[in-house]
Amino acid sequence: MPIFHFSLTLLCSLLCLTTFYCRANTQDHIPSVRFAVNTPGSAPYLYYDESAKRYQGVVVDFFNADELSSQFRVVYLDSNRARSEDLLKSSSVDLFLSSESWISKPNSFLFSEELIKHESYIYSTTNFEGPFVPEENVSSSICTRYGFVYPALTPYFDREENNIDRVDSSSQSTMAMMLSRGRCDFAIMNEHNARSVMFDPKFCSTEFYQSPNVISRVSLVFVIRSGFTSLKDKIDIALKHFVESGQRQLSFERHSGVNQFPKAKC
């Protein structure tokens, strides 16, 4: 009997080690996909979590879902919006998050199905009496993010006279900080970005208001390097499930909250 028990224990141990080895070996053979991040990211879509020391957000949740995590692992690489296009053309990266309307040469890439409709509003520390009309707000200043394209406002930024002053910043959080300190009259931001940063406790003493009208509306998609149709097909299938299952909604609520404007003082 002791010999039988020893043999059984040894067999179980070997089976466990074999299973562990197979899983580890499988993980080693999962291909990597290189994702260019517009550093330091943009909450709630994709942002660097200083406490966790890794990228988090809706994009990470999407790629960590079972449909994709078993097929490839994503490596997030620091970049910027202008450089990401060049990296994609040279096949140095495989994809990044953007909109087809923001790409300088859209015919050079593949585009996934829509992750979400990206709606931008104007934000202020005082209430809006009506819709924000750029022509009625010339000689004002608007906080923007460096390298970002704002088609609805570009004609006013570029005019020599009766223009609107563009005040660039490195992140949405910095934009909100500059707005709260009067460094600009307004800020333009996507509603999910705004909720994720403006309700932060550091803005406890500041009121933020959202314009009653949408300034711009585009489809946010994954921009994929040309020829990588297999990746596009996998992403499109997974996106359909991510949206229809309610995972996308839960992910946005987790990373940007459910607060609604106006944002009052604490």
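**Strands and aromatic pairs**

Tutor: Please keep in mind that this is a predicted model. In it, the bridge partner of glycine 41 in strand 3 is tyrosine 47.

Student: In which order do the three strands of the open sheet lie, and which are the edge strands?

Tutor: The pairing in this open sheet is antiparallel, and the order is 2-3-4. Strand 2 and strand 3 (residues 46-49), for instance, pair over two bridges. An edge strand pairs on one side only, and the two edge strands are strand 2 (41-42) and strand 4 (54-56).

Student: Why is the pair of phenylalanine 35 and tyrosine 76 classed as it is?

Tutor: A pair of aromatic rings is described by the distance of the centres and the angle of the planes. Planes under 30 degrees apart count as stacked and over 60 as edge-to-face. Here the centres are 5.6 Å apart and the planes are at 55°, so the pair of phenylalanine 35 and tyrosine 76 is tilted.

Student: How many residues apart are phenylalanine 35 and tyrosine 76?

Tutor: Phenylalanine 35 belongs to strand 1 (residues 32-38), while tyrosine 76 belongs to strand 5 (residues 73-79). The pair therefore links distant parts of the chain, and the separation is 41 residues.

Student: Is phenylalanine 35 buried or exposed?

Tutor: Buried means under 20% relative accessible area. The relative accessibility of phenylalanine 35 is 0%, so this residue counts as buried.

Definitions and conventions
Residues are numbered from 1 along each chain as its sequence is written. This is a predicted model: local features need pLDDT of at least 70, side-chain atom pairs count only at pLDDT 80 or more; totals for chains, interfaces and linings use all residues. Side-chain values use heavy atoms; hydrogens and water are left out. Two strands pair if DSSP finds at least two bridges between them. Helices (H or I, at least four residues) and strands (E, at least two) are DSSP runs, numbered from the N terminus. Rings of Phe, Tyr and Trp (its six-membered ring) pair if their centres lie within 6.5 Å; planes under 30 degrees apart count as stacked, over 60 as edge-to-face and the rest as tilted. Buried means under 20% relative accessible area, exposed over 50%, partly exposed in between (1.4 Å probe, protein chains only).
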